[in-house]
Amino acid sequence: MPMFLQQCASLFTFSASSPSFRTQISVKSTVFCCLSPSPASPERRSSQRNEIRLGLPSKGRMAADTLDLLEKCQLSVRQVNPRQYVADIPQLSNMEVWFQRPKDIVRKLLSGDLDLGIVGLDTVTEYGQGNDDLVIAHDALEYGECRLSLAIPKYGVFESVSSLKDLAQMPQWTVERPLRVATGFTYLGTKFMNENGLKNVTFSTADGALEAAPAMGIADAILDLVSSGTTLRENNLKEIEGGVVLESQAVLVASRKSLIQRKGALDATREILERLEAHRRANVQCKVSANVRGSSAEEVAEQVLSQPSLSGLRGPTVSPVFCKRNGIVAADYYDIVICVPNKELDNSILQLREIGGTEILVSSLTYIFEEETPRWNELLSKLGIKAKDAHASGGL
């Protein structure tokens, strides 16, 4: 940040006294003051840059799973120095990747310092607090699954409590002695309690090791993220019916303002969405090809379609396999290609053999692109943009 020097005249006055004399000394001196320009507003900072910024989690399982997903979508993040917080994605021009704490990703989306981010829905909801500028572009990236849930001790006054209704009806909670809940989700916790009629509740902010709070007497209950529930059980805590505040997983979130105003942001978002959706669809399918004896493509196609697991996405692709026998080129076999759900692979192999299939090849898929990506159209609808307008301008 540039600094400016300004010459400042100052008058310093010193007073001294003793029983024999009293004097006052005035000294005029010149000092140089360092002045910094006032920081730019978020709107100004955002408008001054041309790069599109994507925020990714910097640590933990969410960070590793996010990088893994992007790599599988052929959007590998290139980080020259692992100690640096900035990287890029070579396949996406003008895209900067910034590694941040999940809650800071949400905050920086709101301040205009980031345009896109991948975080848990719980983080978006807690720190976004319903801000209209946050738009969920993809709500199910299929990792980081957990639930924000209320948990209470299995013992003592809570032993017979099995539901949120039971908890609310306990006579112990008064204005003077409210239900004490330890959590890192005070916004969602307060909203949830108000919506469910629990009035005498206080929250204490805490991060990590919340399971110990009831045993230590710090809190009566906790509100925390739960995956398997093993940690709760090992600490003599239990979830209760109606106590789930939010089901969460990783999502792609964007700044509405950035998508509408920043050049290239909408195009980049579309490419990310296209790849995410095409990979998600391909991830549960495999490509199977086999040679099947037959007298015509139609005959082979009929045999294939007679089997319940061999219908493919729309049907088989059937091509002649030319062989030379006794100097004559003929098509005694036909190569069929279909897409098969991974969970149906074994059945598909058996059914191919039943119709005479041989030389069966199985390969994984990277992408299956659809005619249109539904989530792209949903995003345009959220932004109030017509699809034809987005296509005409190459984004916005």
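Visitor: How many helices and strands does the protein chain have?
Guide: The secondary structure comes to 14 helices and 17 strands. Helices (H or I, at least four residues) and strands (E, at least two) are DSSP runs, numbered from the N terminus. This is a predicted model, where local features need pLDDT of at least 70, side-chain atom pairs count only at pLDDT 80 or more, and totals for chains, interfaces and linings use all residues. Residues are numbered from 1 along each chain as its sequence is written, and side-chain values use heavy atoms, with hydrogens and water left out.

Visitor: What share of the residues is buried?
Guide: Of the 396 residues of the protein chain, 40% count as buried. Buried means under 20% relative accessible area, exposed over 50%, and partly exposed in between (1.4 Å probe, protein chains only).

Visitor: And which residues in the largest nonpolar core touch the most other members?
Guide: Those are Met 95, Leu 259, Ile 272 and Leu 379, in a core of 37 residues. Such a core is a set of buried Ala, Val, Leu, Ile, Met, Phe, Trp, Tyr and Cys residues joined through side-chain atoms within 4.5 Å.

Visitor: Which element gives the largest share of this core?
Guide: Helix α10, with 7 residues.

Visitor: What does Ile 272 touch?
Guide: Leaving out residues up to four places away in sequence, Ile 272 touches Leu 75, Leu 92, Met 95, Leu 116 and Leu 252. Another core lies apart from this one, with 22 residues, including Phe 158 and Phe 185.

Visitor: Switching topic: how many salt bridges are there?
Guide: The count comes to 20, taking a salt bridge as a side-chain nitrogen of Lys or Arg within 4 Å of a carboxyl oxygen of Asp or Glu.

Visitor: Which residue pairs with Lys 191?
Guide: Glu 195 does, with the closest N and O atoms 2.9 Å apart. Both lie in helix α6, 4 residues apart, about one turn of the helix. Lys 191 is partly exposed at 39% relative accessible area, while Glu 195 is exposed at 55%.

Visitor: And what does Arg 281 form a salt bridge with?
Guide: With Glu 370, at 4.0 Å between the closest N and O atoms. Arg 281 lies in helix α10 and Glu 370 in the loop between β17 and α13, so the pair ties together parts that are 89 residues apart in sequence.

Visitor: Which residues are linked in a network of salt bridges?
Guide: Asp 139, Glu 277, Arg 280 and Arg 375.

How values were computed:
Contact means heavy atoms within 4.5 Å.
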